[in-house]
Amino acid sequence: MKDIKSISEDFKKVLNLALEKTITSVPEKNAEDIKIKTQSLINDLNDQLYIKVPFIGDFSAGKSSLLNAYLNRPELLPTSIRPETAVSYELYYAPVETVEHYRKGLLITDKGIGDLAHLNVQAGDIVKVYVDNQKVKELIERNIVLVDMPGTDSSLEAHEKAIMSYLTEGTAFITLVDCEHGSLKQSALRFISEVQGYDIDAHVLVTKSDKKPLEDRLKIKDYIESQMRRYVKGAISVGIVSSVKNEIEDLEKVIANLDSFSLYKQRFSNNVMGLLDEMISILKMRNKTLSENVESLKKELLEIHSEQEKAILKLNENNETKKVSSASTDLILDEIKNKLVSMETDFVNEMINNPNNGTGVNQRLIESVRPIMISELGKVQETLWQDLQDKTATIFESISQFENTERFDSQSVIGTIETKIKPLTDLVFKNSKVYKGIIGALGIGTAFVAPWVEILIFFGPDILKFFGIGGDSRKEKEAMYKDNFLNKVVPGIVNHLRPKIEESLAQSHHEMVLTLQNEINEKVMQIQNSIEARSNEVKQSEEQINIEKEAIEVKIVLIEELKIQAA
């Protein structure tokens, strides 16, 4: 199995070779620009090497104990941490054992491993644990980081923040269920189904199997597999482990089969292809300037400038962002409302059976709405992008024609946007044409949805108030809860979400416009640089021009071959 380092080195080798061929044939300004972009992408290839694998489950499921057994370090990770101080522990290798304590992305303390259990942690913190352990070393060599997550029964805020964070970084989620429970909770089944919808692997391990005889263990495993077959569309993976008896073979199988290579390649492939396309583009510009006289080129540039001004005016139409974000917000909220209304009976029953458990109702709410948010956001982003693409089609056609390309290819023209803006997530459209352009760069998924989920978390205490107090009989309670759910809870959720969703979509639209505008200006500047450089050159003979053009064509073919090699 290939590893992340090998594909990273392959990508860098391809980029450097293509860069070397490009900069020797294009104007100095264009060469400097493409060198900066290449170095930026290489820095990302170096910095974003790790794929994270979260272990999730209730506090009683034995996540920390299982990881301790796997590492043969029984006392390493705290096993009695309180739910209200839930944190995520990430495992890294180092010969000198230390811990780094992060809060909101900032390092707040760096201590020896002996202080791990005594850190002053808060919900949502991340602790990086550096251990001198052979298994961790082997995982880090594969660029895999195991994560001991906050328990699913921790504070809702801590758990949801961790989930939203690791959805973008995980190659697999490993769900642990206590053998004594004998089955997966509905919430666990919903989560497994959700992550598989994002092309993330999900595995289940039944823990504490030492508490049951073999026959019972196998029955529990069969039952959980039957649960997953009913509720989960993706591949089913269920194992049995015991940290007490050190029976961890099924965990070791899961870890051995983790495919971090494919996820890393998927993460950067479009970025690399986009940059290679840009190198081909500026080489074609150079050939264009060699093929025609300068006066003719300048006339063509004036026409391109005219189309540039028209495109930018269209992108910045008055109040367009506000109108677009408002209409798109209505679309997303309608789908959220439809989902909630369809689950009216589930929420009413939850309130009748657990009348004082607002947190449970809120958790169910988030589990139901989060995938809808991500999915609908993706659809809205796709529509917004198509509208912007229509508005700028003429200028990109002009640019494409200048390069003497055979057809207009928006991916070729704007693919390099991905090297400009840090990718946030690619959960929904990673295989779509839209993803390969601007949407992949701006991100659709957790980065935008996370603030919406936070609103639902803080809305939780109001849920019980909105449901109200039911009548004496179950029938009376059902009638009141149903009425209050449809007429108070659902409208309350929609009203709480509307401002933040509208704000996020306005920001998204603005960033799309700004990024596309910058890309237009940059492409036009590359053309202008090519023409200016040609104007300042000593006149060449026709033979010299043909020799240079042929050399550039060879380089273009070479970079096309490098694209195939990197695919």
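**View 1. Thr 175 sits across from Val 204 of strand β8.** Strands β7 and β8 run parallel and are joined by 7 bridges; two strands count as paired once DSSP finds at least two bridges between them. Strands here are DSSP runs of E with at least two residues, helices are runs of H or I with at least four, and both are numbered from the N terminus. Keep in mind that this is a predicted model, where local features need pLDDT of at least 70, side-chain atom pairs count only at pLDDT 80 or more, and totals for chains, interfaces and linings use all residues. Residues are numbered from 1 along each chain as its sequence is written, and side-chain values use heavy atoms, with hydrogens and water left out.

**View 2. Strand β8 takes part in two β-α-β units.** Together, β7, helix α6 (residues 186-197) and β8 form a right-handed one. Right-handed means that, with the strands pointing away from the viewer, the path from the first strand over the helix to the second goes clockwise. Another right-handed unit is built from β8, α7 and β9. Here 3 bridges hold β8 parallel to β9 (residues 238-240), and Val 206 faces Ile 240. How much of β8 is buried? The answer is 6 of its 7 residues, so the strand is largely enclosed by the rest of the structure. (Buried means under 20% relative accessible area, exposed over 50%, and partly exposed in between, using a 1.4 Å probe and protein chains only.)

**View 3. Asp 178 and Lys 208 make a salt bridge.** That is a side-chain nitrogen of Lys or Arg within 4 Å of a carboxyl oxygen of Asp or Glu, and in this pair the closest N and O atoms are 3.5 Å apart. Asp 178 belongs to β7 and Lys 208 to the loop between β8 and α7, so the contact ties together parts 30 residues apart in sequence. Asp 178 is buried at 7% relative accessible area, while Lys 208 is partly exposed at 23%.

View 4. Glu 225 is buried, at 17%.

**View 5. Asp 346 and Arg 364 form a salt bridge (3.4 Å, N to O).** Asp 346 lies in helix α12 and Arg 364 in helix α13, so the pair links parts 18 residues apart in sequence. Asp 346 is partly exposed at 40%, but Arg 364 is buried at 16%.
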